[in-house]
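Welcome! Have the structure open as you read.

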Amino acid sequence: MITSRVSDLIGRTPLLKLPAAAGGATVLLKLEQFNPTGTAKIRMARNMVDEAEEAGLLAPGGWVVESTSGNTGLGLALIAAERGYKFTAVVDNHSSADKLRGMLAYGADILNVAGEAEGLATAERDTTAERLAAERGAYWTAQHRNPGNPNGYRPLARELHDDLGDEIDYLYGAVGTGGSLCGTGRFLRERIPDLKIVGVEPEGSVVFGGKGAPYHQSGTGTPEGSEIGCVVDYEVFDEGLKVTDAEAFETCRYLARNFGVLIGGSAGGVVYKALERARSAPPGTTIVVLVCDGGEKYLDTVFNDDWMAAHGLHDEQVVRGLAEMLR
C-alpha cells in the first residue's frame, strides 16, 4: 500500500491473543500502538480536526490548542504538521518526557502550567487552554467534551466487527476522556446488543466514584477536583473497575519479559483486569482489550527498576498472580 499522507496509515491495527491459563476464555489485545504516533489517540485527534474543518472552526494556517497528558497531544501535533496548523500543547509534569519530545519533534509548542509540581494539574491545564483559545483566536479541541473524540473510534469498532463478527462478549478499556471505550463500545453494541463493556480507571481516579488520591498511570482516569467531561457516557458501561499502579505496571513488565509484548502503563491495568475476568469466565468467552498505546514512552518509568522501586510499585504478589493467569 502506498499513501501520500502519514494519517492515511491510521487504523487496521492487529489483534494479539494472550495465552490465558484459566478456563476457556480468549483474551485478545487490540494493539493500537501500531498506529502513527504509537497510540489510539491519533484516531480521535484526526477526527476532531476533520469535524472542526467541516464546521468552519479551523481555517488554513489556523491554531489548535489542547490540554493533554501526552498521547492526544502527539496525535494533534502530527495532524497539525501534516495540514499546516500551529499547535500548542498545554501540559503538566504527569506527561512522560518521550511524549513531550515527540510533540516537539512535530513542531508543537509546549506550555507547562505545573512549574516544579509533580502529578496532574488537569483543571489548570484546561483553564489555560480555554483562555488561550479565547484570547488568541485558537481552536481548543476540548477533548473531554468534544463529540469528535468518541466519533473518531467508529472505525476501530468496525475493524473489530470485521475481524471477529458477533463473537465478542466483553470489551475492556481504560477510561480517561472516555472517548476510546465509549466511542468504540457504543458503535459496537449496535451490532452486538449483548456486548458487556467494562471501564478501568486507576485507584485514586474518581470517574467511577470513590475517594481521590494520587496515581502514576498517565493518560487515564480523572483526578479529584477535575471535570468529568460529557464524553464519559455512563450508560455505555456495564461495569467500572479500579486498578492499582502496581497491578498495571507489573503487568506491563511481565508481558514484556515473558512474551515480548511492550504496552503502555494504563493498558497494563486493563489487561490485568481482563485476565482476572478470564479466570472465571465460561469456556468460549471472548474478551477484547483496547491497548491504547505501546510501552516505548515509559522506558524511564514503568520499565525502569529504579523508578519502580523509588515509588514503591514492585509487588511480587501481583507477579505471582500473573504467572497463574498466563501460561
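This is a predicted model: local features need pLDDT of at least 70, side-chain atom pairs count only at pLDDT 80 or more; totals for chains, interfaces and linings use all residues.

H8 and H11 lie oblique to each other. Two packed helices are described by the angle between their axes and the distance between the axes.

**H8 with H11**

- Helix H8 spans residues 245-259 and helix H11 spans residues 316-325; their axes come within 9 Å and cross at roughly 55°.
- H8 and H11 cross in a right-handed sense.
- On the H8 side, the contact is formed by Ala 246, Glu 247, Glu 250, Thr 251 and Tyr 254.
- H11 contributes Val 318, Val 319, Leu 322 and Ala 323 to this contact.
- Sorted by class, the contact between H8 and H11 holds 6 nonpolar, 1 polar and 2 charged residues.

**H1 with H2**

- Helix H1 covers residues 41-54 and helix H2 covers residues 71-83; they pack at an angle of about 50°, and their axes are 8 Å apart.
- That angle makes H1 oblique to H2.
- The crossing of H1 with H2 is right-handed.
- From H1, the residues making the contact are Lys 41, Ile 42, Met 44, Ala 45, Arg 46, Met 48, Val 49, Asp 50 and Glu 53.
- From H2, the partners are Asn 71, Thr 72, Gly 75, Leu 76, Leu 78, Ile 79 and Arg 83.
- In the contact of H1 with H2, 8 residues are nonpolar, 3 are polar and 5 are charged.

Definitions and conventions. Residues are numbered from 1 along each chain as its sequence is written. Side-chain values use heavy atoms; hydrogens and water are left out. Axes are lines fitted to C-alpha atoms, for helices over the stretch in contact, and angles run from 0 to 180 degrees between N-to-C directions. Helices (H or I, at least four residues) and strands (E, at least two) are DSSP runs, numbered from the N terminus. Angles under 35 degrees count as roughly parallel, over 145 as roughly antiparallel, 65 to 115 as roughly perpendicular and the rest as oblique. A crossing is left-handed if the near helix is turned anticlockwise from the far one by less than a right angle, and right-handed if clockwise. Contact means heavy atoms within 4.5 Å. Ala, Val, Leu, Ile, Met, Phe, Trp, Tyr, Cys and Pro count as nonpolar, Asp, Glu, Lys and Arg as charged, and the others, Gly among them, as polar.
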